[in-house]
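Biologist: Good morning. Could we go through this model together, one topic at a time?
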Amino acid sequence: MKYIVVAVLLACSVALGSAVLQCEHKKPDIPSDWIDMVDPCIRKMRGQIEEELKAAMQYMAMGAHFSKDTINRPGFAKMFFEAASEEREHAIKLIRYLLMRGELTSNVSELIKRNLMPKTTSWTSAVSALKDALNLETTVTKKIREVIKVCEDNPTNYNDYHLVDYLTGDFLDEQYHGQREIAGRVSTLEKLMEKHGALGEFLFDKKILDGAV
Amino acid sequence: MSVDRPHQLHVQVWRHRHRRGVPPAVRQPPLHPLLEYLLMSTHYANYEKNRPGFEKLFRGLSDDTWKDAIELIKYITTRGGEMNFGTSALGEEDADAPNFELYELQSIAKALDMEKKLAVEAIRIHSEATRKNSKFHDPEISYHLEHEFMPKQRDIIRKLAGYTTDLSSLLDGPDSSLSLFLFDDYLTKQ
Ligand SMILES: [Fe+2]
């Protein structure tokens with residue numbers, strides 16, 4: 001299976017003198033002064049990409065859990081699968097931002113270093129999964145605040161106004177709205193389940209499935 | 001390409017609760033490497049590479065891979081199974097550090113390798129599922145592979161194989177730089 005890659009590598013590398021394939025081209029000479037992001041901030045941003053992907057995988061595990069026949073909560077499964085895709089989109093947004101600022105010209109292969117596999121893969125109830133989700137978002141919010149802090153004030157004394165504004169206005173905005181929504185769901189579901197445990201969760205699941213709550 | 005890296009999603013074991021006998025641990029078609037295409041797409045989107053066509057190609061593969069992963073998890077649960085987020089499925093060879101920053105032709109060749117690998121794994125599962133004399137005969141899995149998985153895989157492989165043919169001949173010309181620009185432009189319109 002690796003033959004194609006190997007064959008291409010060979011074809012490209014022997015191209016030097018002969019008229020075989022020319023894969024490599026001259027590196028363009030582009031002024032680099034416009035690239036003004038500073039190192040501690042870049043590192044934080046790269047780390048945040050991993051955080052978002054980790055959250056995506058955690059939500060995917062939640063979606064998988066509630067899809068099981070022994071759990072059978074299609075509403076929650078749908079909600080968590082959607083959340084997983086949203087987290088992946090957040091990672092892509094951060095990547096796009098760095099690319100726009102002239103970053104990620106190297107070490108892209110090392111962008112994802114940590115184990116992104118979810119730690120928890122089963123939950124005792126929908127309420128406990130929702131609470132985990134709320135805590136997960138709270139952690140992500142804290143991490144974004146840390147990125148903002150470093151990008152605003154760091155040893156190089158470079159305040160990255162534009163990035164800080166983007167993270168504050170765009171990312172934090174979504175975090176706070178998202179957290180409020182999950183907290184509300186925890187509240188409603190927990191109240192529903194006080195007297196009617198199984199029925200409460202069953203009904204709430206169908207409401208989520210219909211997009212009613 | 002790296003296979004054992006933890007950020008890939010992996011195989012699962014089927015629970016055959018509704019059938020008699022010991023449930024065989026059958027490996028499911030492994031999910032595509034979930035994030036590798038994303039990194040390949042990222043590489044082509046930096047200002048130095050600046051190849052929007054290649055960026056789009058790999059981003060599309062990444063999006064499809066992600067959706068397929070979710071669909072696969074749902075499929076597994078329709079069979080009473082559950083997703084195993086722990087173990088590894090895709091090949092064991094290739095211990096090198098992963099590299100997603102490749103030249104154009106190489107990156108397409110790599111994608112073609114990854115897709116072929118998936119097809120081979122699916123064929124292996126299919127042969128297990130159709131081995132009627134063993135304890136494990138599962139017409140539904142073979143149906144699913146034949147009708148859902150294989151046609152998509154066939155088309156992706158064919159498309160990428162075609163690209164390698166085109167690029168190989170284009171890069172063999174007098175001005176491969178211009179060829180790449182035009183090929184990239186062509187990819188933006190696909
Ligand atoms: Fe997020």
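Biologist: Does A:Phe202 count as buried, partly exposed or exposed, and at what relative accessibility?
Modeller: Please keep in mind that this is a predicted model. A:Phe202 has a relative accessibility of 41%, so this residue counts as partly exposed. The limits are under 20% for buried and over 50% for exposed, with partly exposed in between.

Biologist: Where is A:Phe202 found?
Modeller: A:Phe202 belongs to helix α6 of chain A, which covers residues 197–209. On the surface, A:Phe202 forms a nonpolar patch with A:Leu199 and A:Leu203. Together, these residues have about 280 Å² of accessible area.

Biologist: Now the metal. Which residues are the protein donors of the iron ion?
Modeller: The donors are A:Glu52 and A:Glu87, each through OE, and A:His90 through ND1, lying 2.1 Å from the iron ion.

Biologist: How are the donor residues spaced in sequence?
Modeller: The spacing is E-x34-E-x2-H. A:Glu87 and A:His90 are both in helix α3 of chain A, residues 74–100. They are 3 residues apart there, so about one helical turn separates them.

Biologist: Is A:Glu87 buried or exposed, and what about A:His90?
Modeller: A:Glu87 has a relative accessible area of 3%, so it is buried. A:His90 is buried as well, with a relative accessible area of 6%.

Biologist: Let us change topic. How many disulfides does a search of the whole structure find?
Modeller: The search finds 1 disulfide over all chains. A disulfide is a covalent bond between the sulfur atoms of two cysteines. Here, A:Cys41 is joined to A:Cys151, with an S to S distance of 2.1 Å.

Biologist: Which parts does the pair tie together?
Modeller: A:Cys41 lies in helix α2 of chain A, and A:Cys151 lies in helix α4 of chain A (residues 126–152), so the pair ties together parts that are 110 residues apart in sequence.

Biologist: What is the torsion about the S-S bond of A:Cys41 and A:Cys151?
Modeller: The torsion is about 95°, and the disulfide is therefore right-handed.

Biologist: Are these cysteines, A:Cys41 and A:Cys151, buried or exposed?
Modeller: A:Cys41 is buried, with a relative accessible area of 1%. A:Cys151 also counts as buried, at 0% relative accessibility.

Biologist: One last topic, helix α2 of chain A. What does this helix span from its first C-alpha to its last?
Modeller: Helix α2, residues 39–67, has 29 residues and reaches 43 Å, close to the 42 Å expected at 1.5 Å a residue. The helix α2(A) is mostly covered, with 23 of its 29 residues buried.

Terms used. Residues numbered from 1 in each chain as written. Chains lettered and ligands numbered in written order. Predicted model: local features only at pLDDT ≥ 70, side-chain atom pairs only at ≥ 80, totals over all residues. Heavy atoms only, no water. Patch = residues over 30% accessible without salt bridge, like charges linked within 9 Å, V, L, I, M, F, W, Y side chains within 5 Å. Areas by Shrake-Rupley, 256 points an atom, 1.4 Å probe, with all protein chains shown as cover. Salt bridge = Lys/Arg side-chain N within 4 Å of Asp/Glu carboxyl O. Helix = DSSP H or I, 4+ residues; strand = E, 2+ residues; numbered from the N terminus. Buried < 20%, exposed > 50% of the residue type's maximum accessible area, 1.4 Å probe, protein only. Donors = N, O, S within 2.8 Å, 3.2 Å for Na, K, Ca; no water. Expected span 1.5 Å × (residues − 1). Disulfide = S-S within 2.5 Å.
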